[in-house]
Amino acid sequence: MSQKIKNIAKNSISEKIGIKISDILISINNHRINDIIDYKFYQSDENLRIKIKRNDSQKIFTIQKVYSENLGLELCEMKVRKCNCNCIFCFVDQMHPSARPSLKIKDDDFRLSFLYGNFITLTNLRKMDYQRIIEQKISPLYVSVHTINENLRKKIMRYKSEINIKKKLKFLAKNGIQMHTQIVLIPEWNDGIELKKTLFELAELYPAVQSIVIVPVGLTKFRQNLPNINLVDVNLAKNLIRNSIRWRKKFQKKFGTGLVTLADEFFLMANEQIPEDVYYDDFPQIENGVGMVRKFLSNWEIFSKKLKNYQKAITIITAELMYPIIENLVKKLQINQNIRINILAIENRYFGETITVTGLLSGSDVIKNINANVCGDLILLPKNMFNEDGFTIDDKTISDLKGETGKKFLIL
C-alpha cells in the first residue's frame, strides 16, 4: 500500500525539497508506508530515501536530517479495520437509529488503539500484525479482555476463530508491549469466580498489563435480536467494591500498585464515596469512564469560584446517576455564596431510561427539558456530553442548543 499526501507543513523539509500535496508516498528507506504509524516510525531516521509517485512517474528524494526533525507530511486518513466479533453487549448494536454514522462503525484496529486509546479484541490480528507491533513498539495497546476463559469469551464475544487470549497477551508482554485492559461486567456471565480468575491471571502479566478496569454493561432500548442480559444492580456494585478493596490490597503488596480500578458508575450506583486521585494512578482509562467524577470533584472548587460573576439563577444539567454528587456540591456552594442554583437531572429518552450517565446525554433531551422547565439565566452542561469536536451523541452543538432554547450555556 501507499499513502496520499493531504497536506505539507509550511517551511518543512518536505516543502523545501519539492514534495507536493496529492503526491503518493510509496516508501521510506525501502519500507512501504501503509499508514501514519509507518510514516512516523520510518521518517525518524537521519538518512532517508523517499520514494514518491507523482502522476504517472516516480521520484526519489534523499535527505539528511536531525533525528527528531519531522518531514512535515500529513497523510490522508487510513482505512479502519473493522471488528469481526458480534458481542452480546456491543453498544454499537444498540445505537440510536439516527446517531451519526461514525458512531455505528465497529472498529477493531490496533493502530487506533495505539493512537487514540480505542479498545481492540485481538481477534483479527495476523502474524504480520504482531510482528509489526513488536518491531515498531506500538505500545501501549488497549485490550478488551472481558474474561480469560477462552470458551466463555467466545460465547460473550461470538467470534469463530481460535485465538487463546491469555497466550496472545503473554506473547505481547514477553515482547515488551504494555497494555491497558478492560472487563465489561455482565451479571451471571463473567462475574463472581470468573471475574476473580480473570483479574488474577491478568495481574500475573504486570508490569506489561498496566491497568485492569471493570466497567458495567450498558443496555439501551434498541436491543433487538440480542440475548437477554441483566444490568448491574446495587447489590452487585456494593459486593464488587468490597471485593475490589481486598484485591487491590493484594496487588499493592505484591506490585506496589492496586492495578484494578472500577468505573465511576459502580460507586455512584452503590452510593459509595468516590476514591481519591491516588486510586486512579495516572488516570490511564479516564476516557473509559474511570476517574471522570474524581477529576470533576477535584476541579469543582476552581470552577465554582467563577460562578461568583453570576448573581442570578443558574441551572446545572446532569444525568440521574450524577445527581446526588451535584446536589451535595451545590448545597455546600449555596451556603458559602449567595447564588441560586437549580439542578435538572435529565432522563435519557434518546437511549432509554437504563442509560443514566452524563456522557450519553443527548442534545435533544437537553433541549426538550429546558423548554419544558424554567431554567434560569445560565445553564451549565457536563463537559463529557460533547466529543472533542464539540458534538453531542446526536450531533448537537452548543450553538444548536442556544439557537433552539434562547439560553446561555457554559461547559462544566
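Predicted model: local features only at pLDDT ≥ 70, side-chain atom pairs only at ≥ 80, totals over all residues.

Trainee: What share of the residues of the protein chain count as buried?

Mentor: The C-alpha trace spans about 70 × 50 × 45 Å along its principal axes, and the secondary structure comes to 13 helices and 15 strands. The chain exposes about 21200 Å², with carbon and sulfur atoms supplying 48% of that area. Of the 412 residues, the share that counts as buried is 50%.

Trainee: Which elements do the buried residues of α4 pack against?

Mentor: Helix α4 covers residues 127-135, and its buried residues are Asp129, Tyr130, Arg132, Ile133 and Ile134. Just after this helix, Lys137 takes a positive phi of about 50°. The elements that the buried residues of α4 pack against are α2 (36-42), α3 (110-116), β8 (141-144) and α6 (165-174).

Trainee: Are α4 and α6 roughly parallel or roughly antiparallel?

Mentor: The two helices pack at an angle of about 30°, with their axes 10 Å apart. Angles under 35 degrees count as roughly parallel, and therefore the term for α4 and α6 is roughly parallel.

Trainee: How do the residues of the contact of α4 with α6 divide by class?

Mentor: The crossing of α4 and α6 is right-handed. Their contact is made by Tyr130, Ile133 and Ile134 of α4 together with Lys168, Phe171 and Leu172 of α6. By class, these residues divide into 5 nonpolar, no polar and 1 charged.

Trainee: Turning to the other pair, are α7 and α8 roughly parallel or roughly antiparallel?

Mentor: Helix α7 spans residues 192-203 and helix α8 residues 234-255, and they pack at an angle of about 20° with their axes 12 Å apart. Because angles under 35 degrees count as roughly parallel, α7 and α8 are roughly parallel.

Trainee: How many charged residues does the contact of α7 with α8 have?

Mentor: The crossing of α7 and α8 is right-handed. On the α7 side the contact is made by Leu195, Lys196, Leu199, Phe200 and Ala203, and on the α8 side by Leu240, Trp247, Lys250, Phe251 and Phe255. This contact has 8 nonpolar residues and no polar ones, and its charged residues number 2.

Note on methods. Residues numbered from 1 in each chain as written. Heavy atoms only, no water. Axes fitted to C-alpha atoms, helices over the stretch in contact; angles between N-to-C directions. Helix = DSSP H or I, 4+ residues; strand = E, 2+ residues; numbered from the N terminus. Parallel < 35°, antiparallel > 145°, perpendicular 65-115°, else oblique. Left-handed = near helix turned anticlockwise from the far one by under 90°. Contact = heavy atoms within 4.5 Å. Nonpolar A, V, L, I, M, F, W, Y, C, P; charged D, E, K, R; others polar. Buried < 20%, exposed > 50% of the residue type's maximum accessible area, 1.4 Å probe, protein only. Areas by Shrake-Rupley, 256 points an atom, 1.4 Å probe, with all protein chains shown as cover.
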